[in-house]
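The sequence and structure come first.

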Amino acid sequence: SGLDPAQPYFQGTPTEVRLDKSDADFVDIIHTDSAPTIPNLGFGITPAIGHIDFYPNGGKQMPGCGKNPVSQIVDLDGIWEGTRDFVACNHLRSYKYYSDSIIYPNGFLGYPCASYDLFQSGKCFPCPQEGCPNMGHYADKFKGKITKDFLKLYLNTGEARDFPLWRYKVTVTLSGKSKVKGYVNVALYGSDGNTKQYQITKGTLKPDHTYTAYIDAEVNVGTVTKVKFLWNNNWINPTFPKLGASTITVESGQNG
């Protein structure tokens, strides 16, 4: 397992110099700091170099690493870890994801996709028939299922531990008499836990229109038992418009 393998002096070098998939029967890589070294000070290698390569949050800038330096240095983990994290926060996220992955055998699903932008827009959802590999400690469960020369995988994580998120596609069809300005939130309830509210859409809400969003939930809800639907308009409306949801569809990325 390569935890954000180093870029300076290694990127673009012959395979005998750097980590490469010829080094072991199964090489999995977590890229967390793969922005160019100049001018972005990225410490990690960018190209896919393993049998499977994970690019959490796109692989360049990790959520929670943009905090101001003072809050990061006086972090809960103590001054040493805080200082070090401020200097190389993205780079060091790789081992934090890895250690979190040990406790979450079903977490950190990596979706095969051509790019992070496509993944974000929902183009590579749900997981393919052979499933999605788990980034980190349990990546080798996928060993027998690799068909391509290299496999780029994308996922999102939380800002702080616990880091894993579970991706769902939520589709809402509205019902009502007239269109209003506002937003729609949905929370998922399931056999294994409940999520907070996630915004599905905002702006003009039209009855009989369908709105779709991909949410990365902090909980794997298991079997969905109910869905909480909430809408609100942005200002006091004297006509008291009413809106409902005629249908809500929830699709889990893990098994479709």
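## N185 and its surroundings

Leaving aside neighbours within four places in sequence, N185 is in contact with Q197, Y198, Q199, K228, F229 and L230. The model is predicted. Among these contacts is Q197, whose side chain is joined to the side chain of N185 by a polar contact of 3.1 Å.

N185 lies in strand β7, which covers residues 180-190. Is N185 buried or exposed? Its relative accessibility is 11%, so N185 counts as buried, because the cut-off for buried is under 20% relative accessible area. For a sense of distance, N185 and R93 are 92 residues apart in sequence, and their C-alpha atoms are 30 Å apart in space.

## The annotated domain

The UniProt record, an unreviewed entry, carries the annotation "domain: PLAT" for residues 166-256.

## Salt bridges

How many salt bridges are there? The count comes to 2. One of them is formed by R167 and D216, with the closest N and O atoms 2.8 Å apart. This pair links distant parts of the chain: R167 is in strand β6 (residues 166-176) and D216 is in strand β10 (residues 210-217), 49 residues apart. R167 has a relative accessibility of 6% and therefore counts as buried. D216 has a relative accessible area of 17%, so D216 is buried.

A salt bridge is also formed by D20 and R18, where the closest N and O atoms are 4.0 Å apart. Both D20 and R18 are buried.

## The loop between β1 and β2

R18 is found in the loop between β1 (2-3) and β2 (28-30). Why does R18 count as buried? Its relative accessibility is 18%, and the cut-off for buried is under 20% relative accessible area. Not counting residues up to four places away in sequence, R18 touches F10, T13, D23, I45 and I49. With T13 there is a polar approach: the backbone oxygen of T13 lies 3.2 Å from a polar atom of the R18 side chain.

F10, one of the residues touched by R18, is likewise found in the loop between β1 and β2. F10 has a relative accessible area of 32%, so F10 is partly exposed. Together with Y9 and V17, F10 makes a nonpolar surface patch of about 360 Å².

## The protein as a whole

The protein contains 4 helices and 12 strands. Taken along the principal axes, its C-alpha atoms fill a box of roughly 70 × 45 × 30 Å. Of its 256 residues, 45% count as buried.

Among contacts between residues at least 6 apart in sequence, 73% join residues at least 24 apart.

Definitions and conventions. Residues are numbered from 1 along each chain as its sequence is written. This is a predicted model: local features need pLDDT of at least 70, side-chain atom pairs count only at pLDDT 80 or more; totals for chains, interfaces and linings use all residues. Side-chain values use heavy atoms; hydrogens and water are left out. UniProt positions are given in the numbering used here, feature names are shortened, and annotations may be inferred rather than shown by experiment. Helices (H or I, at least four residues) and strands (E, at least two) are DSSP runs, numbered from the N terminus. Buried means under 20% relative accessible area, exposed over 50%, partly exposed in between (1.4 Å probe, protein chains only). A polar contact is a pair of N or O atoms within 3.5 Å; within protein, one must be able to donate a hydrogen and the other to accept it, and residues adjacent in sequence count only if both atoms are side-chain atoms. Contact means heavy atoms within 4.5 Å. Patches are made of residues with over 30% relative accessible area and no salt bridge: like charges are joined within 9 Å, nonpolar side chains (Val, Leu, Ile, Met, Phe, Trp, Tyr) within 5 Å. Accessible areas come from the Shrake-Rupley method with a 1.4 Å probe; for residues, only the protein chains shown count as cover. A salt bridge is a side-chain nitrogen of Lys or Arg within 4 Å of a carboxyl oxygen of Asp or Glu.
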